[in-house]
Amino acid sequence: MSRGKVIITGGCGYIGSHTSVELIKNKFDVVIFDDLSNSKEFIMDRIYQIAGVKPAFEKVDLSNPIEADRAYYKHSDAHSIINFAAFKAVGESVEKPILYYKNNLYTLINSIEAQKKYGIKNFIFSSSATVYGNPNRLPITESFQTKRAFSPYGNSKKIAEEILEDFSKAYPEFKTISLRYFNPIGAHESGLIGELPNGIPNNLLPYVTQCAAGVLKELQVFGNDYNTKDGTPIRDYVHVVDLAKAHVKALERLLSGNMKENYDVYNLGTGKGVTVMDIINTFEKVTKEKINYRITKRRAGDVQALFASAEKAKNNLGWEATLSLENMIETSWNWEKTFRDM
Ligand code: WQD
């Protein structure tokens with residue numbers, strides 16, 4: 001018995017594809033909207049191979065209002081939208097701010113305009129811990145002030161959350177949850193889906209796995225002069241499958257009718273801080289592969305430490321991260337090897 005139709009924008013992407021699998025496993029009908037600008041259509045077949053159901057697919061540029069309206073009209077029988085569609089390379093966003101603000105915010109605005117027009121009552125937004133900027137204390141709770149992010153990418157997430165809050169105030173019959181991801185890593189245990197960075201990876205773990213695969217020569221460790229146990233920055237790395245499961249829980253919260261307010265935000269993290277050297281050392285221990293790295297200067301915009309309090313998600317969504325750092329690293333390496341037929 002289907003639990004109804006959910007539209008996943010950016011569903012061929014890293015977190016979108018893992019979330020599509022979890023939604024199908026939980027008996028939702030999934031429709032994927034994706035422009036394939038930063039993902040590949042073969043992921044649709046991979047989702048089918050894993051979940052046994054192939055989602056419906058619309059190739060659509062949601063930053064184009066005509067295209068967006070046509071796609072949402074066609075699937076206006078959906079009860080929910082999960083919005084992953086966005087460009088997410090922090091460095092690229094600094095070089096191309098207009099591209100990032102246009103794509104990420106036009107996509108969001110066209111989607112909520114369609115949501116209102118067609119009465120699709122529930123919305124989940126893919127946000128990021130980057131909206132907290134450089135926190136004054138840790139762990140980070142949802143009550144912390146959001147700050148102007150260091151990059152247009154991060155700022156597009158902060159502005160999007162503010163748009164959603166205003167939308168929710170104006171239209172109380174619509175319900176929205178923003179999920180603030182800390183550092184998503186890992187891959188599905190099948191090795192069939194995972195992170196597919198365009199070009200040279202910005203993020204740490206895909207860079208590490210490509211070094212181990214011989215695709216890249218050497219990892220630069222951006223600074224070891226921070227005030228941490230080994231001098232390298234701390235992050236809250238969370239398994240992408242745990243993150244995907246959190247989206248199912250958030251959707252169930254929206255559908256439950258138990259929300260006191262019609263807009264809410266949740267941190268999605270493990271609550272544990274892990275340094276760059278922890279990642280390198282754990283990777284070498286788990287995979288028996290050696291990582292060639294060099295300590296270089298700090299990367300502009302990096303903060304010393306970020307990790308979540310995930311208490312609110314545990315109490316209100318009944319969600320907590322369960323998969324270990326070793327599993328995050330093992331599954332990332334398995335995905336890299338499978339992807340490259342190693
Ligand atoms: C992690 C740590 C680097 C690469 C960003 C976005 C965030 C989210 C996750 C999208 C840092 C160090 C990295 C390398 C390194 N993105 N590092 N050498 O910067 O915490 O967060 O990605 O949703 O919104 O801001 O993640 O993986 O880039 O860096 O030393 O080659 O690894 O300095 O300490 P970050 P990251």
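A crossing of two helices is left-handed if the near helix is turned anticlockwise from the far one by less than a right angle, and right-handed if clockwise. I started there, and by that rule H5 and H6 cross right-handed.

My ground rules: this is a predicted model, where local features need pLDDT of at least 70, side-chain atom pairs count only at pLDDT 80 or more, and totals for chains, interfaces and linings use all residues. Residues are numbered from 1 along each chain as its sequence is written, and side-chain values use heavy atoms, with hydrogens and water left out.

**The helix pair.** I found the axes of H5 (residues 97-118) and H6 within 9 Å, crossing at roughly 20°; axes are lines fitted to C-alpha atoms over the stretch in contact, with angles from 0 to 180 degrees between N-to-C directions. H5 is therefore roughly parallel to H6 (angles under 35 degrees). Helices here are DSSP runs (H or I, at least four residues), numbered from the N terminus.

**Who meets whom.** I looked up contacts (heavy atoms within 4.5 Å). Among those from H5 are Tyr 100, Leu 105 and Ile 112, and the H6 side includes Ile 159, Ala 160 and Phe 167.

**Glu 161.** I then checked a residue of H6 (residues 152-170), Glu 161. Is Glu 161 buried or exposed? Glu 161 counts as buried because its relative accessibility is 5% (buried is under 20% relative accessible area, exposed over 50%, partly exposed in between, with a 1.4 Å probe and protein chains only). Leaving out residues up to four places away in sequence, Glu 161 touches Phe 125, Ser 127, Val 131, Ser 178, Arg 180, Tyr 263 and Val 265.

Terms used
Helix = DSSP H or I, 4+ residues; strand = E, 2+ residues; numbered from the N terminus. Parallel < 35°, antiparallel > 145°, perpendicular 65-115°, else oblique.
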